[in-house]
Amino acid sequence: GFPGTPGLKGDQGESALLYRSAFSVGLTDRTPMPNVPIKFSKIFYNGQRHYDDSTGKFRCSIPGVYYFTYHLTVYLKDVKVSLYKSDKTIMFTFDQFQENNVDQASGSIVLHLETGEEVWLQVYGEEAYAGIYADNINDSTFSGFLLYPDMKTVNGDR
Amino acid sequence: GFPGTPGLKGDQGESALLYRSAFSVGLTDRTPMPNVPIKFSKIFYNGQRHYDDSTGKFRCSIPGVYYFTYHLTVYLKDVKVSLYKSDKTIMFTFDQFQENNVDQASGSIVLHLETGEEVWLQVYGEEAYAGIYADNINDSTFSGFLLYPDMKTVNGDR
Amino acid sequence: GFPGTPGLKGDQGESALLYRSAFSVGLTDRTPMPNVPIKFSKIFYNGQRHYDDSTGKFRCSIPGVYYFTYHLTVYLKDVKVSLYKSDKTIMFTFDQFQENNVDQASGSIVLHLETGEEVWLQVYGEEAYAGIYADNINDSTFSGFLLYPDMKTVNGDR
Ligand SMILES: [Ca+2]
Ligand SMILES: [Ca+2]
Ligand SMILES: [Ca+2]
């Protein structure tokens, strides 16, 4: 007999376009409390609402590799912050203030997150380290975005 | 009869590979003018030419979510800059200079842009805030890149 | 006889998800040597092992457009670093230290890399510029990630 008909065309390639998670927020409250998450309440972008401005925490909905960064205005006091990943300190940034010398302190990191893991910034230690400042023409910001979602298995049963 | 030939390989995934926009530029002129866009004319990367070094502005060609960042050397004067999105100030960075204490000030943000929207940096206010410095072994930079293009409809008629 | 059975389904299309390269590392040794690559040995992320902590260098395995960034704690001495791309200085960051005024200096850049090209940070010049500090609650970091892999030809013969 004749050969069978050709097989079906393969599936469309997996689209990275389906996976997106990004936020970018700024401080409005000029004296963050030490030892609790800093609440950034000025929203520059929060398209997927993975950042929760009621808690100050980013919560992972898409497991994968993320980038986080922050830029803090140092005024009146020294600044020491830690970036937390689900109750564990991961990275620290310290900048001392001197009179008439407002400074900028920044940090960034690439981290892998599982679904449900949270990332936030917190003043580390005493109130003496809480000199993070913002007003309507001075910003202190926190941003993050998904770089690469975790790969699914490629054997068809994903 | 014999089985048919295998099917054709699937279409390329709605490939993020097709959507790309990035630039990275540095200052060569050491005293930027206040109240006009800062022209960064040293080009580290500008593959799609979405940054225009004749104006100092990035112009969005692919609607979507972008990341922008800048790192400024603070020397001789204080620095106050604003990041503009099409004639509107979006974010401010302020760093004071003290003698013998060159500083670095940086900022970053995630923003959604529509086609034609422009993003640039500008000294905000007086010339007294224009202390951004660069020479052949000191850089002040401005970079940005597309994170996620806007989704097209997935029903075939995109 | 009857026609044969249909052929096998085609392969899945190309996915951007296959291209990933990211690292994020911190300093543990508090006094980096000048004029050799800074070895960051605290690993925050190095999923593809493209950063080599025995040399301090990132080595490109996927040709394309990359983003690199660093955040350095300035303590006891001034800091001057250069970002190198395969033995060539590309960008410089300078921040002076003053007593009781720990600072933060940062830089970032977008660069195109070919396979085998390496990127690293190095104190530029004298030991007097090696004031990069880190301890268990103070970080100095270096991170990078692939933004866009180089496009393959789309005509099937890539
Ligand atoms: Ca300062
Ligand atoms: Ca300084
Ligand atoms: Ca300082």
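How many salt bridges does the structure hold over all chains? The count comes to eight. Keep in mind as you look around that this is a predicted model.

Let's start with two of those bridges. In chain A, A:Lys85 pairs with A:Glu117, and their closest N and O atoms sit 4.0 Å apart. Over in chain C, C:Lys42 forms a salt bridge with C:Asp139, with 2.8 Å between the closest N and O atoms. Here C:Lys42 comes from strand E2 (residues 42–45) and C:Asp139 from the loop between strand E9 (130–133) and strand E10 (141–149) of chain C, so the parts tied together are 97 residues apart in sequence.

Now turn to where the chains meet, beginning with chain B and chain A. Chain B brings 46 residues to this contact and chain A brings 42. Together they bury about 3400 Å², and carbon and sulfur atoms account for 54% of that. On the chain B side, the residues losing the most area to chain A are B:Phe92, B:Val110 and B:Tyr148, which together make up 18% of what that side buries.

Which elements of chain B give two or more residues to the side that touches chain A? They are strands E5 (64–85), E6 (88–95), E7 (103–113) and E10 (141–149). The largest share, 10 residues, comes from E7(B). Sorted by class, this side of chain B has 22 nonpolar, 16 polar and eight charged residues.

Next, go to chain A and chain C. Here 47 residues of chain A contact 43 residues of chain C. The buried area is about 3500 Å², with 54% of it from carbon and sulfur atoms. In chain A, the residues that lose the most area to chain C are A:Phe92, A:Val110 and A:Tyr148, together 17% of what that side buries. The salt bridge count across this interface is zero, while 15 residue pairs are in polar contact, both at pLDDT 80 or more. On the side of chain A that touches chain C, the elements giving two or more residues are strands E5 (64–85), E6 (88–95), E7 (103–113) and E10 (141–149). E7(A) gives the most, with 10 residues. The classes on that side split into 23 nonpolar, 16 polar and eight charged residues.

Finally, take a look at the calcium ion (ligand 2). Chain B coordinates it through B:Asn101 (OD1), B:Val102 (O) and B:Asp103 (OD), and chain C through C:Asp95 (OD), C:Gln96 (O) and C:Asp103 (OD), at 2.2 to 2.5 Å. The angles among the six donor atoms run from 74 to 171°, and the site is irregular.

Methods
Residues numbered from 1 in each chain as written. Chains lettered and ligands numbered in written order. Predicted model: local features only at pLDDT ≥ 70, side-chain atom pairs only at ≥ 80, totals over all residues. Heavy atoms only, no water. Contact = heavy atoms within 4.5 Å. Buried area = accessible area lost by both parts, 1.4 Å probe. Helix = DSSP H or I, 4+ residues; strand = E, 2+ residues; numbered from the N terminus. Nonpolar A, V, L, I, M, F, W, Y, C, P; charged D, E, K, R; others polar. Donors = N, O, S within 2.8 Å, 3.2 Å for Na, K, Ca; no water. Tetrahedral: all angles 85-135°; square planar, octahedral: opposite > 155°, others 65-115°. Salt bridge = Lys/Arg side-chain N within 4 Å of Asp/Glu carboxyl O. Polar contact = N/O pair within 3.5 Å; in protein donor to acceptor, adjacent residues only side chain to side chain.
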